[in-house]
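Thanks for coming, everyone. I'll keep this short. Please have the viewer open while I talk.

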Amino acid sequence: MADIERHDYDVIVIGAGGAGLRAAIEARSRGLRTAVVCKSLFGKAHTVMAEGGIAASMGNVNSRDNWQVHYRDTMRGGKFLNNWRMAELHAKEAPQRVWELETYGALFDRTPEGKISQRNFGGHEYPRLAHVGDRTGLELIRTLQQKIVSLQQEDHAEHGDYEARLRVYPECTVTELLLDEGRIAGAFAYWRENGRFLRLEAPTVVLATGGIGKSFKVTSNSWEYTGDGHALALRAGANLIDMEFVQFHPTGMVYPPSVKGILVTESVRGDGGVLRDAEGRRFMFDYVPEVFKGSYADSEQEADGWYSDPDNNRRPPELLPRDEVARAINSEVKEGRGSPHGGVYLDVASRLPAEEIARRLPSMHHQFKELADVDITAESMEVGPTCHYVMGGVEVDPDTAASGVAGLFAAGEAAGGMHGSNRLGGNSLGDLLVFGKRAGAGAAEYVAGLGARPEVSQADVEAAEQRALRPFEESGSAAAQHPYALHGELQQVMNELVGIIRRGEEMSSALDELAELKDRAGHMAVFEGNRQFNPAWHLTLDVANMLLVSECVARAALRRTESRGGHTRDDHPGMDATWRRRQLVCEHRDGAVTVTERTHPPMRRDLLELFDITELRKYFTADELGEVTAEL
Amino acid sequence: MSAPTTRAGRARTSARTLRTDRWWLPPLVTFVGLSLFVIYGLVRTFMNQWYWAPEYHYLAPFYSPCLSTSCVPGASHLFDVPLPGWFPPPIIVLPFVLGFRLTCYYYRKAYYRSFWASPPACAVTEPHSRYTGESRFPLILQNAHRYFFYPALLVAAVLTYDTVIAFHGVGGGVGVGLGTVLMLINAVLLWAYTLSCHSCRHLVGGRINHFSRHPVRYWMWTQVTKLNGRHMMLAWASLISVAVVDLYVMLVAGGVFPDLRLIN
Amino acid sequence: MAYQAHLQVWRGDADSGELRDYTVEANEGEVVLDLLHRLQATQCPDLAVRWNCKAGKCGSCSAEVNGRPRLTCMTRMSVFAEGETITVTPMRTFPVIKDLVCDVSYNYVKAREVPSFTPPEGLEPGEYRMQQVDVQRSQEFRKCIECFLCQDTCHVIRDHEENKESFSGPRFLMRVAELEMHPLDSYEEAGGNRAEEARGEHGLGMCNITKCCTDVCPEHIQITDNSLIPLKERVADQRYDPITRFFRRKKD
C-alpha cells in the first residue's frame, strides 16, 4: 500500500486529554520522538469538562492535610478496592504535579498568602482541590497544551521544525494496535478529515483515551468517550479490571431533555449547595451509611456549622462520596419525592449571596442561564444522576503504567485500579497528571531497554485497512444496519439494564441483547458519502468498541453479587466483605470476552497502619483482620 | 466589492451576509447622530455670537474656555490670545476637544463602523479591497489618544469652573436657573466620560502588573474600570449634554427666551 | 411542543457547495446542534459537524447561524420563530473541509508563534506566590475555550485573506496580553518584549477595535476592553510616549 502515510516514532500517545498530554510531555522531555494522536482538535479533549479541581494535599488552606490523609480518603472512597500502590503514588505525587503546572503557566485561584487556593469536595477530609473557579479542567488542558507548544518552540529553535520531536495528529483515530510477536510495533489510524490511512510505527503506545460513557444514554461524556483504549487494549491482549464499577455522578442536569446528563459540578455542594426533595427537605441526612456515620453530620445545624468551623463540626452529608449521593437521589425520585422532571433540587441560591455564586461558580451560572433559562443565583437547579466515569480500565503496573502487553501503557480513565469501586471528585485530574507522567516515563524506560525494534507486518496493516473499510461494502447488503440506530439501541440497553441500579436477570437479558447487537454491528454500513469527514463511518468504528467494552461491564457486573461503590445490585443490596479481596478481570480471547476472578494483594503494612482497626472492621472479613491484627 | 468568500477554499456563499436581523440600523443611527453633532458644531462655531448670557453668568460650552481677545467681556478665561474679531474663539480649543473624541476607543469603533463601513456590522463583508487598520499613517496617530486625554482634563476643569460661575444670582448672591442645572449635569457627564477613558484606565493602574503592590492605584483602576464599562453610554450622554447646554445658552443669550430661574 | 423546523444547511466541500433545505423535528429546550444531530441520524448520515461536549465548554461546534458566528450547542431553538428558516453555514473565515467543518489550522499556527510562559529563574515548583488581584486579569483570558468565533468574525481576516500572514487575530493577541499581564512571566528578563511583538509579529495595529470579537465571545470575555486596548496602550507606552517610557519600571 504505497499510498499509506507512514511515520516513525518512539512513542505514540493515543488521546490528548490530561493524561495523554502529560505523558507526551514526559516522553518528549526524556528525548523520545513522540506522536499524540487524538480524535478531536488539539485542546478539545474531555478533560475540559472537569470543573471542580485537582485533589492534591498541599495543605495550603488546612495545614493538617498531607498525603496520608489523602490516601485514606481515596481508599475509603473506593471502598478499599483500590490498587493501594496507585492510591499511594497518587496521594504522594499529586502536589508536585500541580506545582509543576504553575511552571507551565497555569493560574490557579489564590489564597491570601498567594498560594494555590484549595476547595472542599465530596469525600475529602480537608479543602484539597486546586481550582480555577469551576473551569479547572479547561485550565489543565490549556496549560498542558501550551506546554506542548513550548516544547515545540524549543524544537523549532533547535531544528527549524516545530514537529521535529513532538507532533500532534488532531482529528485522527487509531483503529488498531499493531503487534510484533506480542509486542507493540505501532498503530493503524485514519484522518477523520479525509479518511486517509496512517501507519504509525513505534515500539510503545500510551493509551490515554478516557472512558466509555457514550455507551450509556444519560451521560456527561462527549462523543469521544467510546472506550477506544479499553477495546484496543483488550484486542491487543491486555486485561481490563474493575469494569463493573461505573460512576454515576449524582448531579447532572435533567431538564430540558436535550441537555439531560450534562454535569453540574460537585463544587456547588462543596461551596454550600444542598440537596432538597420536592417538599424542600434536606434528605441526605437519611442516607449516611454506617461506615461513614462518624464523620458526617446528623443535623442541619451541625452540617451548616462545618463550613466555617470544620474542626468542631462534622461534614454535611451532601459531601458524601458520589456513589452514595447518586443512590440517595435515585431512591428519593423512585419514592415519588422528586422534582417534576425526575430529579431533585440542588439549592445554592438560598445559601450564598448572588455575587458570591456568580464568582465561585461562573460556568454553572452561565450553563443554566443559557441552556435551561434558570438563574441559579435565584432558583434551585433540578438534578439527577448521570453516567460520568468508569473506574475500570486497563490493568497496569502502578509504577510504570505498563500493561500486560510489552510496550503498551495506559493512564488516566483508560487505566484501572486507582479508584477502586468509586472515584472521589478531584482525584481524576490528579490521576491524569501523576500517571500520565509515569506512563511517559515508563515508555521512555522501555524504549531505552529495547533491543531490536519490533516491526510492523504488512499483512496486519492490510487487515486493519480491510476492517476499517468494511462498512462501505456493507451498504449493499440486505442485512445492512444504520450505525446511529444501533448506537441508540446500545445506549438504551446499557442505561436501562446495566445502569445505576442493577439486577441479575436484567443484566442477563442485557447480555443477550448485546450479543444480538454485536451480530448486527457486523453489518453496520455507510449509506451516504465517502471517506471524507463522514460521521456515519466514524461511528461504525466507535460502536464496535463500545459493544466490546459494554459486554465487559455487563459480564463483570453480573458476576459481582454485592453492592459496592459504582456497582449497586438491587438483588444484592449489601456490601459483602468477602468480595473486597476479589477483583474481576476481563480478557478477550478468540473473539470472546471472559471474566475471571483474582485476589487483591494485601495492603502494605505501613499503609494499613494509617487506618484505625475499627474502621478496617467495616470493610475487611474477620479472617483477613485476623491476619491484619496479627501483623499489626 | 471583493469576494473573499471564494478565496482559499472557503465555503462558497454568494450573499454578503446571511444575517437576517436589521444589522444596518445601529450604524445608521450612529451615522445620523454623529453627523448631526458635527453639523451643529460647525454652524455654532462660525456663528461666533450668543455664547455668553451675562445676567445669568452662563457660558456656552462650545466657547469654553474662551481664549481670545475677541471674546465678549465676561466670557473670557485666564489669558487671551490676540485674534481678529471674525476669528471664532472655539477654533483654539476645539482641536483638543475634538481630538480627544476622535481618538477615543469608543468613537473609533463607532465611526469606523458607521462612516467607513469597516466593517458595517459584525459578520457583514466590508466594501474595501485593502485593509491595514491602524498600523499606518494616518490612523497610526490614533495612538496619541493619551495626549488628548490630558487637555481634556483641563477642559473638564474649565467647564466645572464655568458651572460654579453659573451659580451666581441675577442680582448677586447665589442663584440657580435651569441653565445652571443643565451645566452641572453636563460637567458631571464630561468628567465621567473623560475619566472613563481607556487611556486613563491604563495610566492610573492598568499598566501595572502587580496590583497587590500598589493598592491605591489598584483602587483607582477599579473605579475607572467601573466607569469604563459605561464608556459608550457616557460618550453619547456627554455629547448630547454638551449640545443641549450649548443650545440652551445660545437661545437664552440670543434672547429667544429668558432663563427659567429656580432660585434668584 | 414538538414542531417541524426549517433548516438551511450548507453542504459541500472546498470545491463546491450550496445551501440545502431540510425539515426536521424540534423539541422543547433543544439547541441548533440537536437538530443537526437529528438530521444526521434521520436524513443525512454523512453531514459533517464538529462537536464534543455539547455544553459550551470545549468550543468545537462553531458555525454561523443566520449569518452570525455562534456555538451551535448554545444556540437555543427558542430564539427563533417556529416558521423561521434557520440558516447554518460553516465559519466563513477558514477554508471549509466538508459541510460545517472548517480547517482551523491557521489558529494553531498562530498559537505556536506566541512565545510561551517564561518561568521565573530561581523559583522552584511550589514556591510560586501570586495574589488573586494580580492573576485575575489573565484568568479572564484563560477562560477562552478556543472556539475561534472571534477569529471568524474579525473582519481583518474575514474580509481580507491576505492579512492572515501578518495578523494573529483577537484570540492570540489576547494570549499575548495574558502573558504580558502574568505576574510571574519572565520573558522580559530573558530579553523579550511581548507588547512590541504584539505590534510587530502579531499585527495589533491592524485591529480597529470594532469589537465584533467581544460581541461573539460565548465566554463573555471582554476581549477588546481588557486585552486588546490595554495592549495597545502598552505599545503606546513604549513606542509613542517618551514620558511614560522614561518612567517605566520593570516589575511594576
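I'll go through an annotated region, a helix pair, a sheet and then an interface.

One caution before we start. This is a predicted model.

Let's begin with chain A. A UniProt annotation, from an unreviewed entry, marks residues 10-429 of chain A as "domain: FAD-dependent oxidoreductase 2 FAD-binding". What is the chain made of over that stretch, in helix and strand? Over residues 10-429 of chain A, 30% is helix and 18% is strand.

Now zoom in on two helices of chain A. They are α2(A), residues 67-77, and α3(A), residues 84-104. Their axes are 8 Å apart, and they pack at an angle of about 140 degrees. Antiparallel would need an angle over 145 degrees, so this pair counts as oblique. The crossing of α2(A) past α3(A) is right-handed.

Which residues meet there? From α2(A), look for W67(A), H70(A), Y71(A), T74(A) and M75(A). On the α3(A) side, the partners are W84(A), A87(A), E88(A), H90(A), A91(A) and K92(A). By class, that contact has 6 nonpolar, 3 polar and 2 charged residues.

Next, the sheet. It is open, with 4 strands of chain A in the order β17-β12-β19-β20, and the pairing is antiparallel. Which strands stand at the edges? They are β17(A), residues 393-394, and β20(A), residues 592-599. Each has a single partner strand, so one side of each has no neighbour in the sheet.

Take the β17(A) end. Its partner β12(A) covers residues 240-241, and the two strands share 2 bridges in the antiparallel sense. Across that pairing, I241(A) faces G393(A) of β17(A).

A helix also packs on this sheet: α15(A), residues 535-559. It touches β12(A), β19(A) and β20(A). The direction of α15(A) makes about 40 degrees with that of β20(A).

Last stop, chain C against chain A. How many residues are in contact? The count is 49 residues of chain C with 49 residues of chain A. On the chain C side, α1 (32-42), β6 (96-98), α2 (105-112) and α3 (132-141) each supply at least two residues. The largest share is from α3(C), with 4 residues. What classes make up this side of chain C? It has 25 nonpolar, 12 polar and 12 charged residues.

That's the tour. Over to you for questions.

Methods
Residues are numbered from 1 along each chain as its sequence is written. Chains are lettered from A and ligands numbered from 1 in the order in which they are written. This is a predicted model: local features need pLDDT of at least 70, side-chain atom pairs count only at pLDDT 80 or more; totals for chains, interfaces and linings use all residues. UniProt positions are given in the numbering used here, feature names are shortened, and annotations may be inferred rather than shown by experiment. Two residues are in contact if their C-beta atoms, placed from the backbone, lie within 7 Å. Ala, Val, Leu, Ile, Met, Phe, Trp, Tyr, Cys and Pro count as nonpolar, Asp, Glu, Lys and Arg as charged, and the others, Gly among them, as polar. Two strands pair if DSSP finds at least two bridges between them. Axes are lines fitted to C-alpha atoms, for helices over the stretch in contact, and angles run from 0 to 180 degrees between N-to-C directions. Angles under 35 degrees count as roughly parallel, over 145 as roughly antiparallel, 65 to 115 as roughly perpendicular and the rest as oblique. A crossing is left-handed if the near helix is turned anticlockwise from the far one by less than a right angle, and right-handed if clockwise.
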